[in-house]
Amino acid sequence: MPETDGQDSLTFAARVPQVLRALGQAVAAPRHDVPVGMLEGRVTGLSGLSVSISGMKDFTGLGDRVVIFGLDGRETDAEIVAFRQDIAIAMPFNSLEGIGSGCRVIFKLFDKERRKMMAGGALAVNAGWQGRVIDPMGQPMDGKGLLPSGGLPQKIHATPPDAALRARLGPRIDLGVRALNLFTTCREGQRLGLFAGSGVGKSTLIGMLARNTACDVAVIALVGERGREVREFVEDDLGPEGLAKSVLVVATSDTSPLMRREAAYAAMSVAEYFRDQGKSVLLLMDSVTRFCQALREIGLSSGEPPATRGYPPSVFAELPRLLERAGPGVPDAQGNAGQITAMFSVLVEGDDQNEPIADAVRGILDGHVVLERRIAEAGRYPAINVLRSLSRTVPGCNSDEENQLVRRARAILSTWEDMQDMVRLGAYRAGSDPKVDEAVRLAPALEEVLKQSRNEAATLAESFQALRAVFAAG
Ligand SMILES: Nc1ncnc2c1ncn2[C@@H]1O[C@H](COP(=O)(O)OP(=O)(O)OP(=O)(O)O)[C@@H](O)[C@H]1O
Ligand SMILES: [Mg+2]
């Protein structure tokens, strides 16, 4: 045997353990983001908004995302929303156009770790998203180019933090709107409902809150708005300074119900990203009603029975799962926790007390703000009925003197509400009731305090000072 051959085999023999070790390392540290296989299925039927798919059995579960290859070659993402025997029922994130019976469907198989992360989708959120408008899939919508990449993946359908581990509510938060600072004073991490009909000033108020609230980041979800309104909201209500500290997640009314649902969840996961960095986040969602309507469309399409006012039962199970994600985070080793202070708008027409969504939301949240058409028509903006609005952390978060001021103002406004028609008709004789006399004297000035133009900001201290000034003058 030639000498060199012996040397080569020796060298190779010596290298074997080394090669095995390298191979072992490669096997021991697999890459989670590479699919380990591909499951292929076929579209067997289409009806309404949903697609039936065969071949997904045993490997896919509820909430898994598949890709459908349309006849025109387009790829459509879809989510599995139900199973009927061996057939998976999926709903597309975009339109069903170009999808027919027999179309190919694939589901990427990942290892366990990645699957856990991928179930229901994830967003790679980045601090550079502030100032941007994105869609629920994390794609830019503002024509300002690509979003900065390299973010931390956030589960879109995350579960709320463990109730026992959550921090308590933070200190008082300055909302920058007098009527709210005074009559529904909030603490960081509190969640409020904003109940209003259409056209009474929701978007304007949400814009004011985004600009004026003393928070680090504002995350705004626009769910099911008309397309034209989005630009108006960004340019008129939010303005450049509001936009600079905000991330907007938008799904307009013409998008699929899945997209509208995802807009709410995606905004929540963006807020969670900033909260987990210890920031004070303000989450504004307009509107929860449209989110529930999207859930209703999904539920009914997947074969659920309609229950309360056409809403299937799953809506009322899913709603708290979304709303509970707002609030305080879990404290870090130093005991600091980020907070998501949240305002969820709810559409109410007229004085409909039987509106099931309004009822459910009111029960879950820590307070409500009521906007009324009657007040808007009288020209007082923001059209907040302070007597019907409530924050559950008041009076605990104010000083005794502040509580006294607010109690007195409430009493005067309440008397004024009862008596103003009599007074205006001349049916009340001055001097017959000191309480009414006080209301006649002070209510107009209090109404002035509640008035605030869209470009004006008022801190907590200024708000209480304005109230003191009314009483000092009266
Ligand atoms: N603070 C304010 N000061 C002056 N005008 C206001 C104020 N807030 C609202 N308005 C008036 O009310 C109108 C409707 O407001 P806005 O668009 O915010 O209502 P909305 O509830 O969002 O309506 P929609 O239901 O159509 O979305 C505005 O065009 C504006 O004229
Ligand atoms: Mg609006």
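**View 1. Domain 2 and domain 3 of the predicted model.** The centres of domain 2 and domain 3, taken over C-alpha atoms, are 31 Å apart in this predicted model. Where the two meet, domain 2 contributes 19 residues to the contact and domain 3 contributes 20 residues. On the domain 2 side that touches domain 3, the elements giving two or more residues are α3 (178-183) and α4 (202-212). Of these, α3 gives the most, with five residues. By residue class, the domain 2 side splits into 11 nonpolar, four polar and four charged. To place this view in the chain, domain 1 covers 37-118, domain 2 covers 122-395 and domain 3 covers 401-473.

**View 2. The shell around ligand 1.** The ligand is surrounded by 13 residues, and Ser198, Gly201, Ser203, Thr204 and Tyr381 are the closest. Helix α4 supplies the largest share of this shell, three residues.

**View 3. Two cis peptide bonds.** Most peptide bonds are trans, which gives a reason to zoom in on the exceptions. One cis bond runs from Asp286 to Ser287, with omega near 0°. Ser287 sits in the loop between β15 (280-286) and α7 (288-301). Another cis bond joins Val394 and Pro395, and here omega is about 10°. Pro395 belongs to the loop between β19 (390-391) and α11 (400-425).

**View 4. Gln85 and its positive phi.** Gln85 is not a glycine, yet its phi is positive, near 50°. You will find Gln85 in the loop between β4 (75-84) and β5 (87-92). Is Gln85 buried or exposed? Gln85 is exposed, because 5 other C-beta atoms lie within 10 Å, and 12 or fewer counts as exposed.

**View 5. Arg309 and its positive phi.** Arg309, also not a glycine, has a positive phi of about 45°. The loop that holds Arg309 runs between α7 and α8 (313-323). With 10 other C-beta atoms within 10 Å, Arg309 is exposed.

How values were computed. Residues numbered from 1 in each chain as written. Chains lettered and ligands numbered in written order. Predicted model: local features only at pLDDT ≥ 70, side-chain atom pairs only at ≥ 80, totals over all residues. Domains from an automatic or database assignment. Contact = placed C-beta atoms within 7 Å. Helix = DSSP H or I, 4+ residues; strand = E, 2+ residues; numbered from the N terminus. Nonpolar A, V, L, I, M, F, W, Y, C, P; charged D, E, K, R; others polar. Near = placed C-beta within 6 Å. Buried ≥ 20, exposed ≤ 12 C-beta atoms within 10 Å, placed from the backbone.
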